[in-house]
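These are my notes from a first pass through a structure that was new to me. I kept them in the order in which I looked things up.

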Amino acid sequence: MPTVHMLDYVAGNVRSLVNAINKVGYQVEWVKSPSDLKNAEKLILPGVGHFGHCLSQLSEGGYLDPIKQHITSGKPFMGICVGLQALFDGSDEDPDVPGLGLIPVRMHKFNADFKSVPHIGWNSAIDTKIGSSGNQSFYGLDASSKYYYVHSYAALYTPGLLEEDGWSVATATYGNEEFIGAIARGNVFATQFHPEKSGQAGLQTIGAFLNGDCFQTLAPRTSLSPGKGDGLTRRIIACLDVRTNDSGDLVVTKGDQYDVREKDGVDAGGRVRNLGKPVDMARTYYEQGADEVTFLNITSFRNCPVADTPMLEILKRTSETVFVPLTIGGGIKDTIDIDGTPISALDVATMYFKSGADKVSIGSDAVIAAEEFYATGEKLTGNTAIESISKAYGNQAVVVSVDPKRVYVSRPEDTKHHTIKTKYPNAAGQNYCWYQCTIKGGRESRDLDVWQLSKAVEAMGAGEILLNCIDKDGSNSGFDLELINDVKTAIKIPVIASSGAGNPEHFAEVFESTKTDAALGAGMFHRGEFTVGEVKNYLSNRGFLVRDFEADR
Ligand code: 1PR
């Protein structure tokens with residue numbers, strides 16, 4: 001197989017990129033020292049996390065000059081995400097750290113006044129020379145495709161500025177900010193989006209770079225995406241709750257208000273509901289058009305070394321055929337291994353990133369950390385799981401999974417917690433409620449409300465909230481719209497609506513009636529009542545922007 005050199009400075013979540021490179025017929029040769037770079041014909045610089053972390057790691061490793069020499073020598077170079085940002089003059093994320101300065105523009109943080117930051121999801125990369133009408137673009141970029149972005153800082157686009165210097169530029173628009181999604185000149189190609197997580201459209205750009213297809217005439221597409229204007233699609237996520245069944249195999253299960261045991265039918269007697277095999281079901285959902293796949297591991301493997309956790313193998317196998325973001329939750333916290341060795345939450349997360357995860361989801365540990373945050377007068381310690389993982393991998397890699405349940409009160413003054421006036425009073429006629437946080441999969445309630453939790457974890461550096469709802473879980477009655485809107489008023493980071501979806505209309509309803517950034521389904525997909533594709537087609541027919549997934553089949 002032909003090779004491409006990869007410079008992985010964080011030793012982090014690049015397994016997906018390796019799988020994507022293998023998928024398009026190349027193998028990776030790892031750069032282990034600056035001297036390796038002179039043997040590199042083609043070089044890829046992936047990037048996750050902070051701009052300053054990337055540049056300082058490259059500088060401390062002695063890589064900056066060899067990278068510059070590689071580029072000036074005319075040999076192919078591809079930068080991805082922070083690997084694109086490194087080519088620019090600098091970033092407001094770390095103002096004192098200079099970039100390589102190849103592109104005389106600085107990175108700025110997205111304006112969060114009217115939209116969530118980080119920008120997470122599927123958006124365009126439209127060649128500024130041909131717009132959304134043409135069918136030829138650089139490195140296989142397609143104006144009618146969507147690509148997966150996950151970043152808080154961007155190079156805002158100034159029409160003509162870089163094109164005058166011979167750069168080809170493709171842009172996306174988020175809110176009212178048009179920014180550089182991809183850029184190329186001569187031997188250099190870089191993408192702000194993650195091509196390895198962008199389905200077939202992403203694989204096409206990686207293949208074009210590796211094969212040296214700088215400019216391609218693409219088959220004209222029927223469903224061209226609209227021109228300018230916010231190009232972010234409605235993100236549809238398939239969630240697989242995974243646990244061991246009674247014979248110890250990892251299966252996909254599904255709770256009904258978090259109770260995963262069968263009540264009736266042939267499996268009566270409290271067997272764990274077994275809905276299928278995790279890797280097969282994840283691939284099925286990818287082929288159905290899922291924009292992300294989330295695994296929630298609801299078994300804690302008491303008698304198994306952390307490094308042998310079966311979930312790691314599931315991620316490795318899933319990431320070989322599923323090229324959209326994978327999130328893993330369950331047990332992400334400081335742990336004592338079975339031989340008594342302490343393992344930090346960061347080390348646990350790193351095992352998952354190296355196995356193919358793009359984001360880790362933290363549940364119980366986030367509630368405990370938030371309680372301590374308030375108990376110490378809202379002080380950050382710097383050593384919570386959220387802080388340590390987001391510092392190392394960027395806040396976009398950290399999701400906090402919230403397991404709240406309604407607690408009704410007669411009047412707001414009856415509780416110290418943040419209440420809402422609900423349209424759904426309880427049997428006692430109480431019209432107010434607050435949402436109580438729980439840990440251990442809903443088995444233990446805490447004296448903390450969902451508002452307090454969301455604000456605390458945002459301050460600690462979480463990038464996204466997975467907002468479940470115990471009352472709605474498995475109910476097929478639709479999402480808890482009041483809960484979602486309430487949490488959206490508390491924070492700026494994206495929120496994923498979860499729990500209760502029973503049909504495509506519930507997805508339209510949550511996007512129409514709340515400002516949620518994404519919506520998640522589980523039971524309705526696992527029971528085969530609807531496919532992810534049917535939900536997306538329904539949303540598209542209702543006028544919502546969704547990612548075209550036909551190519552991913
Ligand atoms: O506390 O960090 O170890 O994480 C545990 C994780 O596992 C948390 O994300 C928690 O939500 C999840 N979890 C624990 N126990 C259960 C259970 O069901 N017994 N799953 C559980 C919670 C919530 C969603 C579910 C949606 C959509 N499930 O995963 O899929 O509610 O369901 P629906 O569309 O069928 O209504 P830690």
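Which side chains meet in a salt bridge, N to O? I was working with a predicted model, and there I found that the side chains of Asp-358 and Lys-197 form this salt bridge, at 3.0 Å from N to O.

Entry on the domains. I looked up how the protein is divided, and I noted domain 1 as residues 3–217 and domain 2 as two segments, 235–401 and 450–552. I then looked up the distance between their C-alpha centres, which is 28 Å.

Entry on the interface. I looked up the contacts between the two domains and found 31 residues of domain 1 in contact with 38 residues of domain 2. For the size of such an interface, I kept in mind that it is often given as the accessible area lost when the parts come together. Here I wrote down a buried area of about 2700 Å² between domain 1 and domain 2, with carbon and sulfur atoms giving 55% of it. On the domain 1 side, I listed Arg-15, Trp-122 and Lys-197 as the residues that lose the most area to domain 2, together 22% of what that side buries.

Entry on polar links. Between domain 1 and domain 2 I recorded a count of one salt bridge, and for residue pairs in polar contact the count is 14. I next looked up which elements of domain 1 give two or more residues to the side that touches domain 2, and these are helix H1 (15–23), strand S7 (119–123), strand S10 (147–151) and helix H5 (199–211). The largest share of that side, five residues, comes from H1.

Entry on the annotated positions. I turned to the UniProt record, an unreviewed entry, which places the feature "binding site" at Gly-331 and Asn-468. I located Gly-331 in the loop between strand S19 (326–329) and strand S20 (335–336), and I noted Asn-468 in the loop between strand S28 (464–467) and helix H12 (481–488).

Is Asn-468 buried or exposed? I found a relative accessible area of 6%, so Asn-468 is buried, since buried means under 20%. For Gly-331 I wrote down 43%, so that residue is partly exposed.

Entry on the surroundings of Asn-468. Leaving aside residues up to four places away in sequence, I found that Asn-468 touches Tyr-258, Ser-401, Val-402, Asp-403, Pro-404, Leu-483, Ser-498 and Ser-499. With Asp-403, I also noted a polar contact of 3.1 Å between the side chains.

Key: Residues are numbered from 1 along each chain as its sequence is written. This is a predicted model: local features need pLDDT of at least 70, side-chain atom pairs count only at pLDDT 80 or more; totals for chains, interfaces and linings use all residues. Side-chain values use heavy atoms; hydrogens and water are left out. UniProt positions are given in the numbering used here, feature names are shortened, and annotations may be inferred rather than shown by experiment. Helices (H or I, at least four residues) and strands (E, at least two) are DSSP runs, numbered from the N terminus. Buried means under 20% relative accessible area, exposed over 50%, partly exposed in between (1.4 Å probe, protein chains only). Contact means heavy atoms within 4.5 Å. A polar contact is a pair of N or O atoms within 3.5 Å; within protein, one must be able to donate a hydrogen and the other to accept it, and residues adjacent in sequence count only if both atoms are side-chain atoms. Domain bounds come from an automatic or database domain assignment. Buried area is the accessible area (1.4 Å probe) that two parts lose on being put together, summed over both. A salt bridge is a side-chain nitrogen of Lys or Arg within 4 Å of a carboxyl oxygen of Asp or Glu.
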